[in-house]
Amino acid sequence: MAELTLTGARKSFGTINVLHGIDLAVKDGEFIVFVGPSGCGKSTLLRVIAGLENVTSGEVHIDGERVTHLPASERGLAMVFQSYALYPHMSVAKNMAFALENMGLKPAEIEARVARAAAMLRLTDYLDRKPKALSGGQRQRVAIGRAIVRDPKIFLFDEPLSNLDAELRVATRKELAALHAKLGGTMIYVTHDQVEAMTLADRIVVLNAGRIEQVGTPLELYNRPSNAFVAGFIGSPRMNFLPAVVMSDDGTLRLSVGEREVALPRAASGLVAGANVTLGIRPEHIDVAPDNGMLAATVDLVEQLGGETFIYASAPGLPQITLREDGQSQFYRGDAIAIRFAVDHLHIFDATTGAALARP
Ligand SMILES: Nc1ncnc2c1ncn2[C@@H]1O[C@H](COP(=O)(O)OP(=O)(O)OP(=O)(O)O)[C@@H](O)[C@H]1O
Ligand SMILES: [Mg+2]
């Protein structure tokens, strides 16, 4: 198993600059997840690591060895894509064995590796079947099996579960977590799915337009985002952002939000009276106050999910606010409500740069 280091990795296609200097150190055995908006460079970064693309400048090291210009076949990595093209005319066992035969391994060794991977992925009973006689989830497991048998230094996954239906995704996600626990291998995983990122990752890398915004454990990113981009990207429904003005900075902090003033119980350094800031507050940190709330608002929409409810409400002069309540709600569209922020959980961002100025 292996560690990976990227130093100043840049990638351009002609005049299009896609990666703008990526520095990242992945530890041995770590499960790293790349997230970011569509087109931000996640797949390109994974392909640069795999050796399927060459960096325009910068370096790639695996286990201390410089592999920047080594072709994919010599890096000892295995990649699983979203569209896992299995060989349709080959059995499950043959699909998994194929690359090993090309590597010239002995038949007994190949059989042992395939049997071990099949057992791990609960495919033992399907080894003689052709891909067309498998469910989507089983096929995806075969694709993962093809990577496992090669005993790669690092596993690279590019949205491997996105073609599966919701139930299969959950099942396969749990299998991947169990697999990582069992194999202990270094894994780098690209996903659009918040839950996959939060549950699978040791650390999440948030990418934006070819740059790293922040690297941290899932809860570090959730609780202490270093800027408004990360704060808005991690968490669903997303964090609310409200424009505010710093009213006073003597001891406690007072902010004007819409038509009201909100006092924060703590001081924040570097905030001066008159500064424009963005207040960040997650939906679960806003309540409907029975009386005497901070803001008067009108309910626009209520989404009842059974175990929890999302309420979308408007307050004068502010963007629509999302509230998350546990359980079921008795509010309806058009209701007048008073809402209250859990002031201990407010984030404050620079209105211009988005940098975090004060965090819970
Ligand atoms: N071969 C190429 N030639 C030119 N531009 C490319 C090439 N490959 C990727 N790009 C561009 O690089 C940017 C990043 O693409 P990439 O596939 O890495 O994004 P991504 O983050 O994986 O997006 P998605 O979430 O949609 O998969 C995009 O703007 C894309 O158009
Ligand atoms: Mg992609």
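A pocket, as the word is used here, is an open set of grid points with protein on both sides within 12 Å along at least five of seven lines. The model is predicted.

Start with the second largest pocket. Its volume is about 160 Å³. It is lined by 11 residues. Nearest its centre lie Arg116, Ile148, Val149, Asp151 and Leu183. Helix H3, residues 107–120, and helix H4 each supply at least two residues of this lining. H3 gives the most, with 4 residues. By type, the lining divides into 8 nonpolar, no polar and 3 charged residues.

Now turn to the largest pocket. About 510 Å³ of space lies in it. Its lining has 23 residues, and the closest to the centre are Leu77, Ala78, Met79, Phe81 and Arg150. Three elements each supply at least two lining residues: strand S6 (77–80), helix H2 (92–102) and helix H4 (136–149). The largest share, 5 residues, comes from H2. The lining of this pocket divides into 17 nonpolar, 4 polar and 2 charged residues. H4 contributes at least two residues here, and H4 also supplies at least two to the lining of the second largest pocket.

S6 leads on to the sheet. In general, strands of a sheet pair through backbone hydrogen bonds, either parallel or antiparallel. In this structure, 6 strands form an open sheet, and its pairing is mixed. Follow the order across: S6, S7, S8, S3, S9, S10. S6 and strand S10 (211–216) stand at the edges. Each has a single partner strand, so one side of each is left without a neighbour in the sheet. On average, neighbouring strands of the sheet are turned by 15° against each other, direction ignored.

Look next at one pair inside that order. Strand S7 covers residues 154–158, and strand S8 covers residues 186–190. The two run parallel and are joined by 5 bridges. One residue pair to find is Phe155 and its bridge partner in S8, Met187.

Which strands does H4 lie across? They are S6 and S7, and H4 runs at about 170° to S6. Helix H5, residues 166–183, lies across strand S3 (31–35), S7 and S8. H5 runs at about 160° to S8.

Terms used. Residues numbered from 1 in each chain as written. Chains lettered and ligands numbered in written order. Predicted model: local features only at pLDDT ≥ 70, side-chain atom pairs only at ≥ 80, totals over all residues. Heavy atoms only, no water. 1 Å grid on protein atoms, 1.4 Å probe; cavity = no way out; pocket = protein on both sides within 12 Å on 5 of 7 lines; lining within 4 Å. Points joined across faces, edges and corners; volume = space filled by probe spheres on them. Nonpolar A, V, L, I, M, F, W, Y, C, P; charged D, E, K, R; others polar. Pairing = 2+ DSSP bridges. Axes fitted to C-alpha atoms, helices over the stretch in contact; angles between N-to-C directions. Contact = heavy atoms within 4.5 Å.
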